[in-house]
Structures are given as structure tokens and as C-alpha cells.
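Please look over the sequence and the model below before reading on.

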Amino acid sequence: KSLRGVLEASPEELQEISGIGPHSVFGIKFMQAVASRFLKEKSLQKPVCSSSQEIYEYFYHTMRGLPKEMIKVVYLNTQNEILDIHDLSQGTVDASYLYTREVMEKAISTRAVSFVLVHNHPSGNPEPSQSDHELTRAVVQAGLVMNIKLVDHIIIGDNRFYSFAGEGWIERYEVNPG
């Protein structure tokens, strides 16, 4: 009943609608993929970390409808330009797993000076869990040791997001790692 519903529907669900056949489904899914690629390429041409809002707006459309938690890492250079976006972990409907070592290995191999964690909450509620806080603290600590800064950890919910930097947690974890 909405554009969002159409774009998030499976091919089988789309074909249940009168007048939509396999060719129409292909066209719909093709346009979704083209739009997603356009947005990704557009963001690769400019700094992304000018604000948490900008990061949220970029990832919201590709992560909001995911049925499981997904963690992405955006690696940045000294100008806050994207060096790489890496899908690091796919979890369950209410949890995902991240190994700090993998984050840091990729940061080193891309020569990143900073990075942003982004993940979704399929429930739609972006409020962080205790494990989200523990993960953020661990990554901040590793970044301090490696001199690679975690700029933010953004949790995407339904039409809203939570920013660890915006709420002051990144700075707290830098000052008081324990």
C-alpha cells in the first residue's frame, strides 16, 4: 500500500498483486537496485561524516527492512571521505556479532584513520541494548590502542536512529574506557 511496501516486498508477494507478473517484478527490483547503487556512488564522491543524520539517511533505505541485524563499517580517510563500506556481520532478529579484530584489520588494510559502525534493529526501536554498549566500548578501546578513531555507532530503527556520538557515549568511552 506504499512505495516502501512495494520495494521491500519479495517477488512472490509482488506477484500476488493483480496485474503484476514476473516482468513487472524484475522491473521493480531492477529500479530498486539502480537507485541503491546510485545513492552509494553519490555518497562515495563526498565526505559522509559531516553528520550522524547524513549517515542515517544514506543507510536507512538499504537497512530498514532487513529481517536480521546487519553491521556495516564505513572506513574513512583524513578528509572523512569513504574509503570502503564493509558488511561485517549478519546476526539474528535481535542480535549480531562483531569481532573487533576484523574491524581493525580492515581499517589497517584500507589505511583508514577513522570509521563509523552502522547497524539496524529489525524491531524498529533504535534504543541500544547492553550488548550494543559493550560492543561500542570495546571498539572505542581498540581504536584508542590502534590510533584509529570510532567516529560514531549509529543504530537504525523505523524512521529514527540512535547515535552513540550524539548521545556522548563515544567521548565517555574514550575518557573512561573501563
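Of the 178 residues in the chain, 38% are buried, where buried means under 20% relative accessible area, exposed means over 50%, and partly exposed covers what lies in between (1.4 Å probe, protein chains only). The model is a predicted one, in which local features need pLDDT of at least 70 and side-chain atom pairs count only at pLDDT 80 or more, while totals for chains, interfaces and linings use all residues. Residues are numbered from 1 along each chain as its sequence is written, and side-chain values use heavy atoms, with hydrogens and water left out.

Read from the N terminus on, the elements follow the order α-α-α-α-β-β-α-β-α-β-β-α.

We turn next to the empty space in the model. Rolling a probe the size of a water molecule over the atoms shows where such space is left. The largest pocket has a volume of about 540 Å³. A pocket here is an open set of points, on a 1 Å grid over the protein atoms alone, where a 1.4 Å probe fits and where protein lies on both sides within 12 Å along at least five of seven lines; lining residues have an atom within 4 Å of a point. Grid points are joined across faces, edges and corners, and the volume is the space filled by probe spheres set on the points. Which residues lie nearest the centre of the largest pocket? They are L7, Q32, S36, H61 and T62, out of a lining of 18 residues. The elements that give two or more residues to this lining are α1 (3–8), α3, α4 (52–63) and β1 (70–76), and α3 gives the most, with six residues. By class, the lining of the largest pocket holds ten nonpolar, five polar and three charged residues, with Ala, Val, Leu, Ile, Met, Phe, Trp, Tyr, Cys and Pro counted as nonpolar, Asp, Glu, Lys and Arg as charged, and the others, Gly among them, as polar.

Helix α3, which spans residues 22–43, is also the place of F26. Together with F30, M31 and V34, F26 makes a nonpolar surface patch of about 430 Å². Such a patch joins nonpolar side chains (Val, Leu, Ile, Met, Phe, Trp, Tyr) within 5 Å, taken from residues with over 30% relative accessible area and no salt bridge; like charges would be joined within 9 Å. Accessible areas come from the Shrake-Rupley method with a 1.4 Å probe, and for residues only the protein chains shown count as cover. F26 counts as exposed because its relative accessibility is 59%.

The charged side chains come next. Side chains of opposite charge can pair when their charged atoms come close. The structure holds four salt bridges, each being a side-chain nitrogen of Lys or Arg within 4 Å of a carboxyl oxygen of Asp or Glu. In one of them D84 pairs with K106, the closest N and O atoms being 3.0 Å apart. D84 is partly exposed at 22% relative accessibility, and K106 is partly exposed at 23%.

Another salt bridge joins E105 and R101, with the closest N and O atoms 2.8 Å apart. Because E105 and R101 are four residues apart in helix α5, about one helical turn separates them. E105 is partly exposed, with a relative accessible area of 42%, whereas R101 counts as exposed at 65%.

K149 forms a salt bridge with E174, their closest N and O atoms being 2.4 Å apart. This pair links distant parts of the chain, with K149 in strand β4 (residues 149–156) and E174 in helix α7 (residues 169–175), 25 residues apart. K149 is partly exposed at 41% relative accessibility, and E174 is partly exposed at 29%.

Some single residues remain. N80, in the loop between β1 and β2, has a positive phi near 60° although N80 is a residue other than glycine. N147, in the loop between α6 (130–146) and β4, likewise has a positive phi of about 60° and is not a glycine. N80 is partly exposed, with a relative accessible area of 28%, while N147 counts as exposed at 69%. Finally, H133 is found in helix α6 and is buried, with a relative accessible area of 13%. H133 and F164 are 31 residues apart in sequence and 8.7 Å apart in space, C-alpha to C-alpha.
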